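Here's a quick tour of one protein chain, made for someone who is just getting used to reading structures. Have a look at the picture, then work through the points below.

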Amino acid sequence: MATQLLLSLDYELFFGAKTGTVQHCLINPVNALINVLDKHNVKVSLFVDVGFLIKLKEFSAEFPQLQQQYNLIQKQLLTLSIKSHDIQLHIHPHWEDSYYTKNGWVINTKRYRLHDFSEEEIVELVIKYKAELELCTHNKVFAFRAGGWCIQPFDKLKGALQKNNIWLDSTVYKNGYSDHPSRFINFNHLPNKPFWRFSNDPLKVDKKGYFVEIPINSIKTSPLFFWKLAYHKKFSKNLFKPFGDGEAITSNGSYYLDRLTKTTYGPAMIDGYKSTQLQQAYEQHINNAENNTIFNVMGHPKSLSQYSLKKLEEFLSKNKDIESVTYLDFLCLAPNETVI
Ligand SMILES: [Zn+2]
């Protein structure tokens, strides 16, 4: 069976002091990406940060330029969905506490994870976000990726997702770990399968479970890689410059220190310099006999660069036997009890 390439990108602005612009973080990089993908007949799945779209609408009465930004996004997503690209749900709930002023977005990440809200609030959020996303796609919305990979503990999100017929999750990656207090993740002990059913915990198979997990591929990275990355960031200008014009939330010092001194695991990505590892991640993947069907590579339009698009193009030219899929290709796994 040919390996299936699932390209899943989180469509969002930056959440640091500078969010960047819709044009540079979303519209331009997605157009550049689609130019590459069209040549190889590859489709993309976009996890759209819907909280942002809701805020654009909310503040557009006062700031008409936000309505134009919303229209640009909606047009891009609707056009993509007609062309069989996939539009799915990504939630960064800190938009609930963020607002717009004449100087731009004021981002408040105090409530960064869905878990920072009550179960009732989470249900309301998912209802509101899914309804908004349905205005931006002609296809079904049934898949989810948690913002910042914060899917655990799953119990608290489970009811809200199920009530909204969101039955497919694609958040976890093997050996993912963060002990950051507000962004805790622990993805050790993942089933070694391309996808599986689960009910209470995305890391535990339950063959009768309502939910399906399609994990993101993971890649083991040596400290040397991050030293090289630091070097390129400092010295290379245009080729490595990301499309996005914002700033990420700064991590604490130990985050950087760990990466420069220990072997770490991260999701396989097409972002910036990380795209260097694409071929290596793929080779590791196909050598793993039990788990070599779906190759799920993630990324962010804001973090793509001319360099990463070049790496992606090389990868697609080299591996012509890979078959492109989106989450829509897995609709056959939908649970029977889906509420209509
Ligand atoms: Zn995100």
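Let's start with Ile322, which is partly exposed because 18 other C-beta atoms lie within 10 Å, while a residue needs 20 or more to count as buried and 12 or fewer to count as exposed. Keep in mind that this is a predicted model.

**Loop residues and their surroundings**

- Where is Ile322? You'll find Ile322 in the loop between α9 and β15 (323-325).
- Ile322 and Leu6 are 316 residues apart in sequence, yet their C-alpha atoms are 10.0 Å apart in space.
- If you skip its neighbours within four places in sequence, Ile322 is in contact with Ala2, Thr3 and Leu5.
- Now try Lys43, which sits in the loop between α1 and β2. Is Lys43 buried or exposed? Lys43 is buried, because 20 other C-beta atoms lie within 10 Å and 20 or more is what buried takes.
- Which residues does Lys43 touch, not counting those up to four places away in sequence? They are Ser84, His85, Asp86, Ser324 and Thr326.
- Take Thr326 from that list: Lys43 and Thr326 are 283 residues apart along the chain, and 6.7 Å separates their C-alpha atoms.
- Glu62 is in another loop, the one between α2 and α3. Glu62 counts as exposed, since it has 10 other C-beta atoms within 10 Å and the cut-off for exposed is 12 or fewer.
- Glu62 and Asp179 are 117 residues apart along the chain, with 40 Å between their C-alpha atoms.

**Helices packing together**

- Helix α1 (residues 22-39) packs with helix α9 (residues 306-318) at an angle of about 15 degrees, and their axes are 10 Å apart. So α1 is roughly parallel to α9, as angles under 35 degrees count that way.
- The crossing of α1 past α9 is right-handed.
- Which residues make this contact? On the α1 side they are Ala32, Leu33 and Val36, and on the α9 side Leu309, Leu312 and Glu313.
- Sort the residues of the α1 and α9 contact by class and you get five nonpolar, no polar and one charged.
- Helix α2 (residues 50-58) and helix α3 (residues 64-82) pack at an angle of about 140 degrees, with 8 Å between their axes.
- The crossing of α2 and α3 is left-handed.
- From α2, the contact uses Leu53, Leu56 and Lys57; from α3, it uses Leu66, Gln69, Tyr70 and Ile73.
- By class, the contact of α2 with α3 has five nonpolar residues, one polar and one charged.

**Strand β6 and its partners**

- Strand β6 (residues 143-146) is covered on both faces. Ala143 and Arg145 are buried on one side, and Phe144 and Ala146 are buried on the other.
- Strand β3 (residues 86-91) runs parallel to β6, and three bridges join the two. Here His90 stands opposite Arg145 in β6.
- How many bridges join β6 to strand β7 (residues 168-169)? There are two, and these strands run parallel.
- Leu168 in β7 is the bridge partner of Ala143.

- A bit of background: most residues other than glycine have a negative phi, and most peptide bonds are trans.
- Gln152 and Pro153 are joined by a cis peptide bond, with omega about -10 degrees. Pro153 is in the loop between β6 and α5 (155-163).
- Asn41 isn't a glycine, but it has a positive phi of about 55 degrees. Look for Asn41 in the loop between α1 and β2 (45-49).
- Asn41 counts as exposed because it has 9 C-beta neighbours inside 10 Å, with 12 or fewer being the cut-off.
- His189 has a positive phi too, near 60 degrees, and is a residue other than glycine. His189 lies in the loop between β9 (185-186) and β10 (196-198).
- Is His189 buried or exposed? His189 counts as exposed, since 10 C-beta neighbours lie inside 10 Å.

Technical notes:
Residues numbered from 1 in each chain as written. Predicted model: local features only at pLDDT ≥ 70, side-chain atom pairs only at ≥ 80, totals over all residues. Axes fitted to C-alpha atoms, helices over the stretch in contact; angles between N-to-C directions. Helix = DSSP H or I, 4+ residues; strand = E, 2+ residues; numbered from the N terminus. Parallel < 35°, antiparallel > 145°, perpendicular 65-115°, else oblique. Left-handed = near helix turned anticlockwise from the far one by under 90°. Contact = placed C-beta atoms within 7 Å. Nonpolar A, V, L, I, M, F, W, Y, C, P; charged D, E, K, R; others polar. Pairing = 2+ DSSP bridges.
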